[in-house]
Amino acid sequence: MDGNLYALSAPTADAFADFCGGNAGGPHETCVSLAALPGMDTSFAIRDSKPEGAGKELRFTGSELDDFATGWVRTRGLSL
């Protein structure tokens, strides 16, 4: 692998797990969807459920997402 996560195949639609909030299940629910990239258990694709985000995704390594998640929790004053 050359380090280009965007050169890897996209996950199948059913591979994504949705993390939703904001609209509480309404017709315009807003979700962040996450799936492991095929063949790369430690790299992931993230996408947005909003129509404006259709067909777009961001890809990150597990380490990048871990750093983001811990930073997000800390700066938002959240706890697990």
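Of the 80 residues in the protein chain, buried residues make up 20%. The structure described here is a predicted model, and its protein chain contains 1 helix and 4 strands, which follow one another along the sequence in the pattern β-β-β-β-α. Among the contacts in the protein chain that link residues at least 6 apart in sequence, 29% join residues at least 24 apart.

- The 4 strands form an open sheet in the order 1-2-3-4, and their pairing is antiparallel.
- Strand 1 and strand 4 (58–61) stand at the edges of this sheet with a single partner strand each, so that one side of each is left without a neighbour in the sheet.
- From one strand to the next, the twist of the sheet averages 25°.
- Strand 2 and strand 3 (residues 40–48) run antiparallel and are joined by 6 bridges, and within this part of the sheet Val-32 stands opposite Asp-48 in strand 3.
- Helix 1 (residues 62–76) packs on the sheet, where it touches strand 2, strand 3 and strand 4, and its direction makes about 95° with that of strand 4.

**The disulfide**

- The structure holds 1 disulfide, which is formed by Cys-20 and Cys-31, with their sulfur atoms 2.1 Å apart.
- Cys-20 lies in strand 1 (residues 17–21) while Cys-31 lies in strand 2 (residues 30–37), so the pair ties together parts that are 11 residues apart in sequence.
- The disulfide is right-handed, because the torsion about the S-S bond of Cys-20 and Cys-31 is about 95°.
- The two cysteines fall into separate accessibility classes: Cys-20 counts as partly exposed at 45% relative accessibility, whereas Cys-31 is buried, with a relative accessible area of 9%.

**The largest pocket**

- The largest pocket has a volume of about 460 Å³.
- There are 14 residues lining this pocket, and those closest to its centre are Val-32, Ile-46, Leu-65, Phe-68 and Ala-69.
- Strand 2, strand 3, strand 4 and helix 1 are the elements that give two or more residues to the lining of the largest pocket, and the largest share, 6 residues, comes from helix 1.

- When residues up to four places away in sequence are not counted, Ser-43 touches Leu-5, Ala-35, Ala-36, Leu-37, Phe-60, Thr-61 and Gly-62.
- Leu-78 has its place in the segment after helix 1, and at 44% relative accessibility this residue counts as partly exposed.
- With residues up to four places away in sequence again left out, Leu-78 touches Trp-72 and Val-73.

Notes
Residues are numbered from 1 along each chain as its sequence is written. This is a predicted model: local features need pLDDT of at least 70, side-chain atom pairs count only at pLDDT 80 or more; totals for chains, interfaces and linings use all residues. Side-chain values use heavy atoms; hydrogens and water are left out. A disulfide is a pair of cysteine sulfur atoms within 2.5 Å. Buried means under 20% relative accessible area, exposed over 50%, partly exposed in between (1.4 Å probe, protein chains only). Two strands pair if DSSP finds at least two bridges between them. Axes are lines fitted to C-alpha atoms, for helices over the stretch in contact, and angles run from 0 to 180 degrees between N-to-C directions. Contact means heavy atoms within 4.5 Å. On a 1 Å grid over the protein atoms alone, a cavity is a set of points where a 1.4 Å probe fits but cannot get out, and a pocket is an open set with protein on both sides within 12 Å along at least five of seven lines; lining residues have an atom within 4 Å of a point. Grid points are joined across faces, edges and corners, and a volume is the space filled by probe spheres set on the points.
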